Amino acid sequence: GPSFGVSAVLAAMLGLCGLLLTGTLTWQDCLGYQPAWDTLTWFAVLIGMSSQLNNLGVIKAFADGVGASLASLNMHWMPLFGLLHATFFGLHYMFASQTAQVGALYTAFCAMMLAAGVPPVLAAM
């Protein structure tokens with residue numbers, strides 16, 4: 001991990017290689033575990049889709065539009081904080097996983113909260 005200057009992916013791959021080399025696992029064991037491949041496939045698709053939403057500017061356009069609407073309300077930051085949290089929670093049901101939702105929306109919602117005057121530490125939570 002980070003204490004050794006190794007990424008999590010590299011550590012996992014080294015661990016898998018160690019298990020394969022010692023015979024603890026066989027390649028057929030790895031191929032035969034269907035839920036792992038399903039998870040890997042679906043997460044790759046979900047993370048890719050959330051990444052493309054960011055790359056295409058959909059999330060930025062959403063954040064800009066919502067930010068402008070919130071600014072026009074002239075509300076104190078506390079009710080806006082609650083409103084943005086409720087919206088973030090509601091949008092969870094439009095994403096198939098929390099990882100995809102956070103990857104796509106966290107930065108945009110943090111920016112909207114900071115623009116509304118929410119204290120930075122509270123916005124990041």
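Figure 1. At 3% relative accessibility, Leu 105 counts as buried, where buried means under 20% relative accessible area, exposed over 50% and partly exposed in between, with a 1.4 Å probe and protein chains only. The model shown is predicted: local features need pLDDT of at least 70 and side-chain atom pairs count only at pLDDT 80 or more, while totals for chains, interfaces and linings use all residues. Residues are numbered from 1 along each chain as its sequence is written, and side-chain values use heavy atoms, with hydrogens and water left out. Leu 105 belongs to helix 6; helices (H or I, at least four residues) are DSSP runs numbered from the N terminus. Apart from neighbours within four places in sequence, Leu 105 is in contact with Ile 59, Phe 88, Leu 91 and Phe 95, contact meaning heavy atoms within 4.5 Å. The C-alpha atoms of Leu 105 and Phe 62 are separated by 9.6 Å, the two residues being 43 residues apart along the chain.

Figure 2. The structure holds 3 aromatic pairs. Rings of Phe, Tyr and Trp (its six-membered ring) pair if their centres lie within 6.5 Å; planes under 30 degrees apart count as stacked, over 60 as edge-to-face and the rest as tilted. The pair of Phe 62 and Phe 109 is tilted, because the ring centres are 6.1 Å apart and the planes stand at 40°. This pair links distant parts of the chain, with Phe 62 in helix 4 (residues 58–73) and Phe 109 in helix 6 (residues 98–115), 47 residues apart. Phe 62 is partly exposed, at a relative accessible area of 31%, whereas Phe 109 is buried at 3% relative accessibility. Phe 109 also forms an edge-to-face pair with Phe 88, at 5.2 Å centre to centre and 75° between the planes. Phe 88 lies in helix 5 (residues 77–91) and Phe 109 in helix 6, so this pair ties together parts that are 21 residues apart in sequence. Both Phe 88 and Phe 109 are buried.

**Figure 3. Packing of helix 4 against helix 6.** Two packed helices are described by the angle between their axes and the distance between the axes. Axes are lines fitted to C-alpha atoms, for helices over the stretch in contact, and angles run from 0 to 180 degrees between N-to-C directions. The axes of helix 4 and helix 6 come within 10 Å and cross at roughly 25°. Helix 4 and helix 6 are therefore roughly parallel to each other; angles under 35 degrees count as roughly parallel, over 145 as roughly antiparallel, 65 to 115 as roughly perpendicular and the rest as oblique. The crossing of helix 4 and helix 6 is right-handed: a crossing is left-handed if the near helix is turned anticlockwise from the far one by less than a right angle, and right-handed if clockwise. Ile 59, Phe 62, Ala 63, Val 66 and Gly 67 in helix 4 meet Ala 104, Leu 105, Ala 108, Phe 109 and Met 112 in helix 6.

Figure 4. Helix 3 (residues 34–55) has 22 residues and reaches 31 Å from its first C-alpha to its last, close to the 32 Å expected at 1.5 Å a residue; the expected span is 1.5 Å times one less than the number of residues. Just after helix 3, Gly 57 takes a positive phi of about 85°. The axes of helix 3 and helix 6 come within 9 Å and cross at roughly 15°. Helix 3 and helix 6 are therefore roughly parallel to each other, and their crossing is right-handed. The contact is made by Phe 43, Leu 46, Ile 47, Ser 50 and Asn 54 of helix 3 with Thr 99, Ala 100, Gly 103 and Ala 104 of helix 6.

**Figure 5. Helix 4, helix 5 and the loop between them.** Helix 4 and helix 5 pack at an angle of about 150°, with their axes 12 Å apart. Helix 4 and helix 5 are therefore roughly antiparallel. Asn 74 lies in the loop between helix 4 and helix 5 and is exposed, with a relative accessible area of 70%. Phi of Asn 74 is near 50°, a positive value in a residue other than glycine.

Notes
Helices (H or I, at least four residues) and strands (E, at least two) are DSSP runs, numbered from the N terminus.
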